[in-house]
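The following exercises are to be worked through with the sequence and the three-dimensional structure at hand. Each task is followed by a solution in steps.

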Amino acid sequence: FDSELVLITIADTNRVPFVVTTGSRSIFEGDVLQYTILATDPDGTIPSLGARLDGLDSLATNMTFFDSGNGVGVLTFSPDYSQGGASSEFYFVRFFATDAVDTLLKVDATAPVQIEVKDKNAPPGLVFSPTAGPYNTIEGGSVSFTVAASDFDAVLPPTINVLNPPPNSTFNGIQSFKTF
């Protein structure tokens, strides 16, 4: 019988964090989407999180990402009325987690998340000239301003109506409002 004591040392290996996403989303222009992701690290540390458009180093216009610092991140997207295209526009977002101990350990989610922005009719806008007021005058005085309406996705120009006009006022139906 013979024996020998052998010392074996097992070194800890820092493992890569991973990201959990929850699939595709759809949103209409002018609405707000909040997309939450979760990330964990098998080593027990909290990874830092980020997001970018697939193939780019940035997010789309009106898109922001917030890393809460606890393994949860939120992408907020408020597409304007030009970001849905003629019917829909698709944005592919990649989320990633960076290891808290070794910042060279970075992992993307397995696939980009598809966000569809659907076209929506934009509300018309009003422009007042010289300003939108408030206007002040004395009794018997007058106030005059110009109103213009625009609707970039309308076929015909919008109609302007005055509700409850003050006594002795006129509106020519196109753009001028006067009160005496």
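**Exercise 1.** Determine which residue forms a salt bridge with aspartate 54, and where the two partners lie.

*Solution.* Step 1: aspartate 54 forms a salt bridge with arginine 94, and their closest N and O atoms are 2.7 Å apart. A salt bridge here requires a side-chain nitrogen of Lys or Arg within 4 Å of a carboxyl oxygen of Asp or Glu. Step 2: because aspartate 54 lies in the loop between β4 and β5 while arginine 94 lies in strand β7 (residues 88–98), the pair ties together parts that are 40 residues apart in sequence. Strands (E, at least two residues) are DSSP runs, numbered from the N terminus. Step 3: aspartate 54 is partly exposed, with a relative accessible area of 38%, whereas arginine 94, at 19%, counts as buried. Buried means under 20% relative accessible area, exposed over 50%, and partly exposed in between (1.4 Å probe, protein chains only).

The model is predicted: local features need pLDDT of at least 70, side-chain atom pairs count only at pLDDT 80 or more, and totals for chains, interfaces and linings use all residues. Residues are numbered from 1 along each chain as its sequence is written, and side-chain values use heavy atoms, with hydrogens and water left out.

**Exercise 2.** State how many salt bridges a search of the whole structure finds, and describe the pair that includes arginine 15.

*Solution.* Step 1: the search finds 3 salt bridges. Step 2: one of them joins arginine 15 to aspartate 43, with the closest N and O atoms 3.1 Å apart. Step 3: this pair links distant parts of the chain, 28 residues apart, with arginine 15 in the segment before β1 (18–20) and aspartate 43 in the loop between β3 (33–40) and β4. Step 4: arginine 15 is partly exposed at 44% relative accessible area, and aspartate 43 is partly exposed at 26%.

**Exercise 3.** Identify the salt-bridge partner of aspartate 31 and locate both residues.

*Solution.* Step 1: the partner is lysine 120, and the closest N and O atoms are 3.1 Å apart. Step 2: aspartate 31 is in the loop between β2 (25–28) and β3, and lysine 120 is in the loop between β9 (113–118) and β10 (125–129), so that distant parts of the chain, 89 residues apart, are linked. Step 3: aspartate 31 has a relative accessible area of 28% and is partly exposed; lysine 120 is partly exposed at 28%.

Note on methods:
Helix = DSSP H or I, 4+ residues; strand = E, 2+ residues; numbered from the N terminus.
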